[in-house]
Amino acid sequence: MTSSKDGTGAVAEQDVVTRTYEVRTYGCQMNVHDSERLSGLLEDAGYVRAPEGSNGDADVVVFNTCAVRENADNKLYGNLGHLAPKKAARPGMQIAVGGCLAQKDRDTIVKKAPWVDVVFGTHNIGKLPVLLERARVQEEAQVEIAESLEAFPSTLPTRRESAYAAWVSISVGCNNTCTFCIVPALRGKEEDRRPGDILAEIEALVAEGVSEITLLGQNVNAYGSDLGDREAFSKLLRACGEIEGLERVRFTSPHPRDFTDDVIAAMAETPNVMPQLHMPLQSGSDTVLKAMRRSYRQERFLGIIEKVRAAIPHAAISTDIIVGFPGETEEDFEQTMHVVREARFANAFTFQYSKRPGTPAATMEGQVPKEVVQARYERLVALQEEISWEENRKQVGRTLEVMVAEGEGRKDGETHRLSGRAPDNRLVHFTKPDEDVRPGDVVTVEITYAAPHHLLAEGPTTSVRRTRAGDAWEKRTAAAAAKPAGVMLGLPKIGVPEPLPVADAPACGSH
């Protein structure tokens, strides 16, 4: 409680109100990045993050939704239904729904779940605090969907999930017309940030202690199409190489159509650009790729892989594959299996095709029976599992620099190990050294064993390098422990990777 004087000069008691929030994220890395902005906006407005495991007990629960999967709406309405009795029993609780599904369904959400207070879209996430306050004052739902981007997300306040690794959005939207993807309709045409703004953000992050950044875009290597510079992305990669203190640069997700030789050269010649590439295949069949409206064919895709391996021999290449696209025959599927054998991906995100309402593919003839899709999917997963294991076994005996992560090894406590990521992004579990090691620090280890999805370094750590990123993690952890439990709230102000969080699926641009 705090004291204040009323108009008569008497002392009155005034409640200290603690308003907590929870953000639930579904979908791709772009949504994860947007959720960092939503958290930043709420904290800038005076809200406090609810404790882990609060499970809907926060004063404000925000759903940042995805519309890529067929059952996305069922998942959302199921979760909203679960919160309805909690909201009824808790006066003042608010629920907000944003993201791609909100952009698509608009007024439908409030009709199906009238207890929702705020619905906002992909283009106006900066409006969340003021919409919440407006809903509270007017006591009615606020639905506001912008048709074009109001403010580039990177201009908004941010609560980053990691002290040492960060997403940096370089573009939003997508100019492709893939028949299975609804994202361009929901996020709009591609809009690129100015290179100077991107580099200024990266430099600011590095000054805070960040040592790894991931450049993010729906179609990241198409960057420059909005600026009139076809080589803008390779130039950006090279410019990142000039930033002192920036140790690791990654990007996701590129499109084979726009993956040019100058990008490969920039990757190979820029030391802090990591030997890792996520290159979405989707299908190995030229017939299916044409039906998907993907602008490359099998030969072109394999040619890119060959060039990357020639320039960066130790590169780990991953991909996305959709099984059972409408019209896919057994011969088409075998072409996908052929590409997987030839490309030898380090890992693959494999999906069974599901209808995305509002996409051309949803109404195509030749929908493949569920049991056929399932059988093909299992064959593909088995093949990729075998290849992943074989590729990981090639790492045994190598000495690698591993950036220590936070929370990646679920059994680390039992095994007395720590976990981190190698330069090529492979997950490495290593023996805990005698000296103190913090997330963001870098250790040198020798790989002694390989499993399909991780590597082990069972011997002693060769060296430990304490970093500014580790300092940043330590400082942030100490600050969180010392943070007071509540804040005084009047009217909220209006706002204008632990390893990077793992999204439900790769970036939308990969689909």
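Leaving aside its neighbours within four places in sequence, which residues is Cys100 in contact with? The legends below take up this question together with other close-up views. The model is predicted, so local features need pLDDT of at least 70, side-chain atom pairs count only at pLDDT 80 or more, and totals for chains, interfaces and linings use all residues. Residues are numbered from 1 along each chain as its sequence is written, and side-chain values use heavy atoms, with hydrogens and water left out.

View 1. Cys28 is found in the loop between β3 (20-25) and α1 (29-44), whereas Cys100 lies in helix α3, residues 100-105. Helices (H or I, at least four residues) and strands (E, at least two) are DSSP runs, numbered from the N terminus. Cys28 has 2% relative accessibility and counts as buried, and Cys100, at 3%, is buried too; buried means under 20% relative accessible area, exposed over 50%, and partly exposed in between, with a 1.4 Å probe and protein chains only.

**View 2. The surroundings of Cys100 answer the opening question.** With neighbours within four places in sequence left aside, Cys100 is in contact with Thr65, Cys66, Ala67, Thr122, Leu186 and Arg187, where contact means heavy atoms within 4.5 Å.

View 3. Cys174 is buried at 8% relative accessibility, while Cys178 is buried with a relative accessible area of 6%. Not counting residues up to four places away in sequence, Cys174 touches Pro184, Gly188, Lys189, Glu190 and Gln218.

**View 4. Helix α9, residues 261-269, has buried residues that include Asp262 and Val263.** Ile264, Ala266 and Met267 of this helix are buried as well, and the buried residues of α9 pack against α8 (232-240), β13 (248-252), β14 (276-278) and α11 (298-311).

**View 5. Gln384 lies in helix α13, which covers residues 370-393.** Gln384 is buried, with a relative accessible area of 5%. Apart from neighbours within four places in sequence, Gln384 is in contact with Val340, Phe345, Ala346, Asn347 and Ala348.
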